[in-house]
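Subject: Structure for you, with notes

Hello,

Here is the structure I promised to send over. Please have it open while you read the notes below.

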Amino acid sequence: IILAILTGELLYVMIGFMVVGGLRLLWFSVYLKKDRCFSMFHYDKKLFTELAKYSAPLGMAVLVNSMIDYTHQVIVSNQVSAAEFAIYSIGCFQIPFIGIVSMSVSRVAIVKFCELHQENDLGHIVQILSNSFRKLSLIFFPAFIFLSSVAPYLITLLYTDAYTQSLPIFRTFIWILPLAAILVEYTPSSLGDSTHGFKVNC
């Protein structure tokens with residue numbers, strides 16, 4: 001990053017990411033070999049095949065979902081001027097805490113779902129899913145009402161009066177908040193069905 005600032009070249013940022021990624025991979029390999037007696041370069045072919053069959057649909061689901069998330073912006077950008085697209089993109093900007101909270105809860109829930117699935121305790125899974133929905137609703141529903149109320153002031157504060165036309169788009173986009181409280185999309189993969197997300201996204 002320092003080289004990128006000094007030289008003004010984005011190439012150094014990309015090189016830095018590659019170097020850091022390589023160092024992390026090297027450190028992780030040494031850690032597994034030394035402390036866990038496991039080598040990343042020697043693997044069980046049968047286990048690798050099972051993992052690939054499970055993880056490949058998950059990866060494809062993420063890829064398709066990413067394409068879906070940005071398709072609307074691509075379509076709009078091809079239909080309107082740059083100024084109009086700026087208004088649209090500001091109206092549907094991402095609210096950071098939504099992803100942070102929902103992802104944190106889902107990661108904890110998925111681990112617990114896997115444990116309970118191995119014990120065939122489906123009743124407890126339903127209970128945890130219900131509790132997660134209720135707790136997230138206590139955060140997201142008030143946040144939805146609050147953001148709907150202060151939307152004009154928020155848009156003006158963040159982007160000045162020049163983008164007040166983004167207000168209707170923003171108020172439409174934040175309807176994702178109540179839906180974010182539902183963790184149903186993570187449940188099938190934690191129960192062993194990794195193809196569900198891919199099928200739904202397609």
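Start with Leu116. It counts as buried, because its relative accessibility is 4% and the cut-off for buried is under 20%. The residue sits in helix H5, which spans residues 96-118. Setting aside neighbours within four places in sequence, Leu116 is in contact with Asp121, His124, Ile125 and Ile128.

One caution before the rest: this is a predicted model. The average pLDDT for the protein is 78, and 80% of the residues score at least 70. Among the elements, helix H7 (residues 167-173) has the highest mean pLDDT, at 89. Helix H10 (residues 196-201) has the lowest, at 62.

Overall fold

The secondary structure comes to 10 helices and 0 strands. Along the sequence the pattern reads α-α-α-α-α-α-α-α-α-α. The protein has 202 residues, and 23% of them are buried. Take the contacts with a separation of 6 or more: 70% of these join residues 24 or more positions apart.

Helix H4 covers residues 82-91, and Ile87, Tyr88, Ile90 and Gly91 are buried in it. These residues lie on the same side of H4, because they cover an arc of only 165° around the axis.

Which residues does Ser166 contact, leaving aside its neighbours within four places in sequence? They are Ile87, Ile90 and Gly91. Each of these is among the buried residues of H4. Ser166 itself lies in the loop between H6 and H7. Its relative accessible area is 0%, so Ser166 is buried.

Thr160 has its place in the loop between H6 and H7 too. Thr160 counts as partly exposed, because its relative accessibility is 46%. Check its backbone when you get there. Phi of Thr160 is near 70°, a positive value in a residue other than glycine.

Second largest pocket

The volume of the second largest pocket is about 160 Å³. Its lining consists of Val105, Val108, Ala109, Lys112, Ile128, Asn131, Ser132, Lys135 and Leu136. H5 and helix H6 (122-159) are the elements that give two or more residues to this lining. H6 supplies the largest share, 5 residues. By class, the lining holds 5 nonpolar, 2 polar and 2 charged residues. Ile128, one of the lining residues, is also a contact of Leu116.

Ala180 and helix H8

Ala180 lies in helix H8, residues 176-180. Is Ala180 buried or exposed? It is buried, because its relative accessible area is 16% and the cut-off is under 20%.

Which residues does Ala180 touch, not counting those up to four places away in sequence? The answer is Ile98, Ser102, Leu136 and Phe140. Leu136 also lines the second largest pocket.

Best wishes

Notes:
Residues are numbered from 1 along each chain as its sequence is written. This is a predicted model: local features need pLDDT of at least 70, side-chain atom pairs count only at pLDDT 80 or more; totals for chains, interfaces and linings use all residues. Side-chain values use heavy atoms; hydrogens and water are left out. Helices (H or I, at least four residues) and strands (E, at least two) are DSSP runs, numbered from the N terminus. Buried means under 20% relative accessible area, exposed over 50%, partly exposed in between (1.4 Å probe, protein chains only). Contact means heavy atoms within 4.5 Å. The arc is that of the directions from the helix axis to the C-beta atoms. On a 1 Å grid over the protein atoms alone, a cavity is a set of points where a 1.4 Å probe fits but cannot get out, and a pocket is an open set with protein on both sides within 12 Å along at least five of seven lines; lining residues have an atom within 4 Å of a point. Grid points are joined across faces, edges and corners, and a volume is the space filled by probe spheres set on the points. Ala, Val, Leu, Ile, Met, Phe, Trp, Tyr, Cys and Pro count as nonpolar, Asp, Glu, Lys and Arg as charged, and the others, Gly among them, as polar. pLDDT is the predictor's confidence in each residue, from 0 to 100.
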